[in-house]
Amino acid sequence: MVEISVVFILLLISGMFSGTEVAFTSLSVDQIERMKKEQGKRGNRVADLHDHIDVVLTSITIGNNIANLAASALVSALTIRWFGETWLTASTLVLTILVLILGEVTPKQIGILHNEAVTLRLAPLLRVLAIMFAPLIWFIRLISNALTRLTGGAKRPRVTIEGLHHLVRYAGSAGLFNQLNANILKNVFRSRDVRVGAIMTHRTKVFSLEKRQTIHDAFPAILDSGFSRVPVYNEEPERIVGILLVKDAARAVAEGRDDMSVSRIMVPPVFVPENKSFHKVLSRLRRERLNMAIVLDEYGGVAGIVTMEDLVEEFVGELYDEGEIEEAQPLHPVAPGEYLLAGDAPIHVVNDHLDIELSSDGDAQTIAGFIVDRLGRIPEQGEELDTRFGTFTVESVGQSHVASVRFRRRDADE
Ligand SMILES: [Mg+2]
């Protein structure tokens with residue numbers, strides 16, 4: 001019976017190692033910082049170990065394997081002694097189940113739930129083990145690194161953006177998080193590549209005011225527009241010189257000072273180039289506590305505006321606020337496999353909706369830009385562009401730009 005108890009003790013030791021392993025790897029940076037602050041020396045010990053997580057994990061693996069293998073050897077010896085060799089298969093099966101339940105799965109669940117308590121309590125023991133196993137760890141690493149190099153995998157970074165991207169896509173399709181979260185994560189990765197020019201509101205669609213208008217004259221139109229910030233221009237809408245905060249205008253009206261010009265209370269605008277990644281623009285707006293930036297084209301002219309709301313929507317999808325008039329859809333189906341697209345629909349949005357992978361060779365961010373890029377000129381109405389996903393037909397052309405396009409999927413005829 002002593003032998004049976006030893007087997008169970010070995011299983012518990014195995015469980016302790018497995019639980020600790022998960023506890024350590026599941027600690028977040030936040031948790032470690034808090035433990036350092038609240039637990040003093042004990043917390044620092046955990047933080048130290050976490051800084052050498054590879055040594056800790058190797059020590060745990062060694063301890064876990066010693067326990068599991070010792071239990072297995074002991075059970076085999078006992079089986080042969082008590083029941084004979086014919087029962088070895090059966091006893092191995094029973095032990096495997098016990099190892100899984102007591103030595104692995106249950107302890108790991110506990111370890112993840114109570115990762116702080118477990119790591120605090122076991123940190124001293126792990127330090128001793130890490131020192132004890134140091135020569136063994138060194139030897140194992142040597143062999144394992146040599147073997148890794150043989151398979152040619154030594155130089156690749158452990159985590160790449162592409163790898164993460166695949167992981168997120170896989171996790172999304174496996175139902176690990178809901179569609180909204182999967183989309184947000186996908187958009188976060190994409191934010192490095194999407195230029196602010198793709199998501200801005202084009203200048204022809206921007207509501208703006210001339211700087212010499214009085215607040216009194218402009219106010220009804222401002223209220224109608226429903227915006228909380230309005231760009232202000234000097235003589236021509238392409239020359240934006242300020243931004244009017246509607247709350248400032250409202251205060252002026254309320255205080256009877258509305259006979260002054262808009263330029264008296266506007267604030268200076270912030271300019272960003274249209275090829276800047278929206279990720280960077282978002283960082284800048286956040287840092288400077290701003291809500292709107294004026295987007296400039298490559299010649300320094302105003303291309304459009306981008307607001308904090310536009311940027312946030314890139315992550316979480318369309319938001320609607322009370323005053324907002326529902327915008328024209330960038331894309332809508334007209335027949336099976338056939339869609340009408342707005343010329344200024346961003347390429348990445350069209351890709352998402354239609355599940356295709358258009359990519360521009362040049363800097364184009366919109367469908368109109370994509371078509372002009374491919375054809376090398378501004379097309380005329382009715383012109384077609386073939387891609388491997390389907391055919392684009394120019395539906396209407398505005399002043400020197402493609403206003404709308406019809407897209408027909410390649411497989412739509414079949
Ligand atoms: Mg174990």
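This is a predicted model: local features need pLDDT of at least 70, side-chain atom pairs count only at pLDDT 80 or more; totals for chains, interfaces and linings use all residues.

Trainee: How far apart do the C-alpha centres of domain 1 and domain 3 lie?

Mentor: The domain assignment places domain 1 at residues 2-150 and domain 3 at residues 196-316. Domain 2 (161-190) is listed between them, and domain 4 covers 331-413. For domain 1 and domain 3, the separation of the C-alpha centres is 59 Å.

Trainee: How are helix H4 and helix H6 oriented to each other, parallel or perpendicular?

Mentor: H4 spans residues 53-82 and H6 spans residues 115-132; their axes come within 9 Å and cross at roughly 85°. Angles of 65 to 115 degrees count as roughly perpendicular. The orientation of H4 to H6 is therefore roughly perpendicular.

Trainee: How many charged residues does the contact of H4 with H6 have?

Mentor: On the H4 side the contact has Val 55, Val 56, Ser 59 and Gly 63, which meet Leu 126, Leu 129 and Ala 130 of H6. By class, 5 of these residues are nonpolar and 2 are polar. The number of charged residues is given as none: no charged.

Trainee: How does helix H1 run relative to H4, parallel or antiparallel?

Mentor: H1 covers residues 2-26, and its axis comes within 9 Å of that of H4, with a crossing of roughly 160°. An angle over 145 degrees counts as roughly antiparallel. H1 is therefore, relative to H4, roughly antiparallel.

Trainee: Is the crossing of H1 and H4 left-handed or right-handed, and which classes of residue does the contact have?

Mentor: The crossing is left-handed. The contact of H1 with H4 divides by class into 17 nonpolar, 6 polar and 2 charged residues.

Trainee: Which strands stand at the edges of the open sheet of 4 strands?

Mentor: The order in this sheet is E1-E7-E6-E5, and the pairing is mixed. Within the sheet, E6 (residues 292-296) and E7 (residues 302-307) are antiparallel and joined by 5 bridges, with Val 295 having Gly 304 of E7 as its bridge partner. Each edge strand has a single partner strand, so one of its sides is left without a neighbour in the sheet; the edge strands are E1 (201-202) and E5 (271-273).

Trainee: In the open sheet of 3 strands, which strands stand at the edges?

Mentor: The strands of this sheet follow the order E2-E3-E4, with mixed pairing. E2 pairs with E3 (residues 229-233) in the parallel sense over 2 bridges, and Leu 209 is opposite Val 232 in E3.

Trainee: At what angle does helix H12 run to E4?

Mentor: H12, at residues 246-254, lies across E3 and E4. Its angle to E4 is about 65°.

Trainee: Which residue in the hairpin of E8 and E9 takes a positive phi?

Mentor: E8 (residues 331-335) and E9 (residues 338-342) are antiparallel, with 4 bridges between them, and Pro 333 is opposite Tyr 339 in E9. The hairpin has 2 residues between its strands. The positive phi, near 75°, belongs to Gly 337.

Trainee: What is the bridge partner of Ala 342 in E12?

Mentor: E9 also runs antiparallel to E12 (residues 401-409), with 5 bridges joining the two. The partner of Ala 342 in E12 is Ser 404.

Key:
Residues are numbered from 1 along each chain as its sequence is written. Domain bounds come from an automatic or database domain assignment. Two strands pair if DSSP finds at least two bridges between them. Axes are lines fitted to C-alpha atoms, for helices over the stretch in contact, and angles run from 0 to 180 degrees between N-to-C directions. Angles under 35 degrees count as roughly parallel, over 145 as roughly antiparallel, 65 to 115 as roughly perpendicular and the rest as oblique. Two residues are in contact if their C-beta atoms, placed from the backbone, lie within 7 Å. Ala, Val, Leu, Ile, Met, Phe, Trp, Tyr, Cys and Pro count as nonpolar, Asp, Glu, Lys and Arg as charged, and the others, Gly among them, as polar. A crossing is left-handed if the near helix is turned anticlockwise from the far one by less than a right angle, and right-handed if clockwise.
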